[in-house]
Amino acid sequence: MDLTALRTAHPDHWSKATAIRALTLDAVAAANSGHSGMPMGMADVATVLFEKHLKFDAKAPDWPDRDRFILSAGHGSMLLYSLLHLTGYEDMTLQQIKDFRQWGSITAGHPEYGHAKGIETTTGPLGQGISNAVGFAMAEEILRAQYGKKIVDHYTYVIAGDGCLMEGVSQEAITLAGRHQLSKLIVFWDNNNITIDGPVTLADTTDQPQRFKSAGWAVIEIDGHDPDAIDAAITKAKSQGKPTMIACKTHIALGHAAQDTSKGHGALTDADQMAEAKAGYGWTTGPFDVPADVKAAWEAIGIRGADERKAWEDRFASISGNKQALFNRTLAREVPKKLSATVKAFKKQMSESAPKVATRAASEKALEVINPIMPETVGGSADLTGSNNTKTTDLGVFDIDNRGGRYIYWGIREHGMAAAMNGMALHGGLRPYGGTFMCFTDYARPAMRLAALMKIPTVFVMTHDSIGLGEDGPTHQPVEHLAISRATPNTHVFRPADAVETAESWELALSSTETPSVLSLTRQGLPTVRTEHKLKNMTAQGAYVLAEAEGKRQVILIASGSEVSVAMDARAALQESGIGTRVVSMPCMELFAEQDESYRRKVLPAGPVRIGIEAAVRLGWDRWLLGERGKANKADFVGMDDFGASAPAGVLFEKFGITANAVVEKAKALL
């Protein structure tokens with residue numbers, strides 16, 4: 001690559017792009033850790049994007065109508081950190097750049113949402129950023145339909161590498177974006193032909209431009225180091241009427257001895273090679289020293305959008321007070337005041353009518369009253385709408401000719417759905433929820449984990465939550481999935497026992513500001529166990545006494561979901577035998593663990609025999625059976641220790657021993 005030609009043809013551009021490369025080399029060398037090559041290779045693209053196209057104001061990083069920039073290739077985090085520092089984001093100081101990858105810094109190894117302004121999502125697990133971006137672009141379309149173009153009108157730009165495009169979730173993402181003609185989504189492919197192991201061709205020969213074209217994208221192929229070509233491509237991309245992939249032919253670790261090699265992907269720390277690279281760039285200052293004129297030029301880019309932001313603020317002030325209030329409320333993730341009263345009225349109706357209903361159907365009934373008062377909810381399903389019961393009559397379907405629709409047919413794309421919902425939640429202004437079968441949390445898991453890590457309140461509706469789904473058999477019957485979700489930090493797993501607890505779970509999930517929720521819902525009908533109406537949201541305590549022992553308390557049965565009714569039947573039998581039995585419904589272990597000890601002691605006092613009942617594996621239950629004043633010789637568990645089988649649900653519960661009789665026998669054996 002002839003660096004001299006690039007320097008002389010575009011000297012102003014070159015000096016700005018070189019600042020990114022130099023800071024990257026310095027920060028990675030100081031940390032002795034990181035990924036130098038991608039920021040060095042994509043510096044030209046990023047410079048043109050920020051200087052000439054990206055709508056943002058570094059002094060107002062949270063401006064709602066800013067363009068979103070997503071670094072899907074998150075290992076190249078120094079590209080983003082350099083841009084934020086150079087353009088004048090207040091929190092991205094030079095010291096933060098110097099502290100790259102160190103304890104307490106906001107410059108983590110991979111960009112983390114919430115650490116620094118300007119980081120729109122946590123990336124690093126490849127494929128997630130480009131998949132989040134589909135959700136960002138969908139959110140922009142939905143909100144533009146709700147509020148009008150003068151309030152919502154912005155682009156989502158993504159830098160993705162070969163790793164992002166090899167990960168399977170990217171196929172789900174790009175076909176979704178193409179199907180929905182998300183024309184305000186523009187992806188830059190860092191086409192450098194290098195992965196960690198060597199050339200891309202070691203493992204892949206996909207024609208990526210053809211792949212994107214076949215998915216309904218426009219594709220523009222350019223030299224990723226030519227600023228004029230980059231500028232023209234972005235301009236053209238904005239007029240395509242469909243999502244655009246700009247294939248940027250680049251050189252990884254441009255100008256370094258490791259250029260165009262797999263070594264260039266990682267940490268370039270050799271002092272002599274760094275000095276040689278900087279000399280080739282014409283960069284003469286010391287480590288972390290950006291010349292004043294170059295820094296000033298970047299800071300001018302950082303405030304370029306100030307006038308546009310102020311004009312937006314004037315337009316926002318001109319819309320109705322109600323619309324302003326709604327916009328601000330939803331952006332702040334505040335629920336409407338009506339939600340509590342709406343849920344209370346629904347609970348009262350369910351307690352009084354006491355239907356026998358599957359919690360997936362109860363969920364739909366709850367959403368029928370919640371969705372009309374929360375215009376920010378966006379529902380969907382991964383091709384299981386009729387099974388997940390996530391679509392309510394008022395939503396309308398999001399599509400090319402109905403951008404205001406609030407229901408999304410995600411297709412058979414569990415992972416893409418979960419990642420795109422995260423993008424919606426991160427964009428702000430919407431409350432996404434989406435459904436599939438609980439056993440397919442396996443397919444959505446990486447995005448579910450990132451929702452928890454990012455502290456965003458995405459709602460994952462997981463129906464058919466046990467062997468109770470019946471004849472579809474063990475491939476579809478979740479056994480370990482509750483334990484997996486419960487093992488994930490900052491995740492609320494709700495397994496409601498009836499329609500009342502289901503409504504309470506929805507209220508909590510939609511009121512959450514920083515914690516994702518998993519709603520574990522049944523296929524089979526369940527009796528109403530909460531027949532006495534209570535204004536209080538009992539599920540908010542995680543567990544509570546549903547039925548008290550009559551006489552001396554000798555047994556405590558703890559159950560969740562469909563097994564609460566099993567516990568109630570077992571209690572009736574034990575009470576007939578003169579054995580005082582308390583039933584504790586435990587819809588959310590995580591919330592119960594958060595209660596103060598005095599409350600937990602009231603619910604689970606020392607002394608009585610304890611039996612946990614759940615049609616799933618025991619993992620996670622021993623805290624409540626053996627801990628919290630429990631004893632191993634006075635505790636047992638009724639549940640699953642193997643996979644399920646194909647048969648009607650009733651037969652399966654009988655054959656696997658998840659019955660009231662089995663509970664009674666175990667209780668008596670422990671007394």
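## A partly exposed loop residue

At 35% relative accessibility, Asp-260 counts as partly exposed, where buried means under 20% relative accessible area, exposed means over 50%, and partly exposed lies in between, with a 1.4 Å probe and protein chains only. Asp-260 belongs to the loop between E7 and helix H11 (271–281), and its phi is near 65 degrees, a positive value in a residue other than glycine. Helices (H or I, at least four residues) and strands (E, at least two) are DSSP runs, numbered from the N terminus.

This is a predicted model, in which local features need pLDDT of at least 70 and side-chain atom pairs count only at pLDDT 80 or more, while totals for chains, interfaces and linings use all residues. Residues are numbered from 1 along each chain as its sequence is written, and side-chain values use heavy atoms, with hydrogens and water left out.

At 13% relative accessibility, Glu-628 counts as buried.

## The open sheet and its helices

An open sheet of 5 strands has the order E1-E2-E3-E7-E6, and its pairing is parallel; two strands pair if DSSP finds at least two bridges between them. Strand E1 (68–71) and strand E6 (218–223) stand at the edges with a single partner strand each, so one side of each is left without a neighbour in the sheet. From one strand to the next, the twist averages 20 degrees. Within this sheet, strand E2 (residues 156–160) and strand E3 (residues 185–191) run parallel and are joined by 5 bridges, and Val-158 stands opposite Val-187 in E3.

Helix H3 (residues 37–53) packs on the sheet, where it touches E1, E2, E3 and strand E7 (244–249), and its direction makes about 155 degrees with that of E3. Helix H10 (residues 227–237) lies across E2, E3, E6 and E7, and runs at about 170 degrees to E6. Such angles run from 0 to 180 degrees between N-to-C directions, and the axes are lines fitted to C-alpha atoms, for helices over the stretch in contact.

## A buried glutamine

Gln-208 is found in helix H9 (residues 208–214), and it is buried, with a relative accessible area of 4%. Leaving aside its neighbours within four places in sequence, Gln-208 is in contact (heavy atoms within 4.5 Å) with Leu-165, Trp-189 and Met-245.

## Two packed helices

Helix H15 (residues 338–353) and helix H21 (residues 499–511) pack at an angle of about 170 degrees, and their axes are 8 Å apart. That makes H15 roughly antiparallel to H21, since angles under 35 degrees count as roughly parallel, over 145 as roughly antiparallel, 65 to 115 as roughly perpendicular and the rest as oblique.

On the H15 side, the residues that meet H21 include Leu-339, Val-343 and Phe-346, and on the H21 side they include Ala-499, Val-500 and Glu-504. The residues of this contact divide into 7 nonpolar, 3 polar and 3 charged, where Ala, Val, Leu, Ile, Met, Phe, Trp, Tyr, Cys and Pro count as nonpolar, Asp, Glu, Lys and Arg as charged, and the others, Gly among them, as polar.

## A covered strand

Strand E11 (residues 459–463) is mostly covered, with 5 of its 5 residues buried. In a regular strand the side chains alternate between the two faces of the sheet. Both faces of E11 are covered, with Val-459, Val-461 and Thr-463 buried on one side and Phe-460 and Met-462 buried on the other. Strand E10 (residues 431–437) pairs with E11 in the parallel sense over 5 bridges, and Phe-437 stands opposite Thr-463 in E11.
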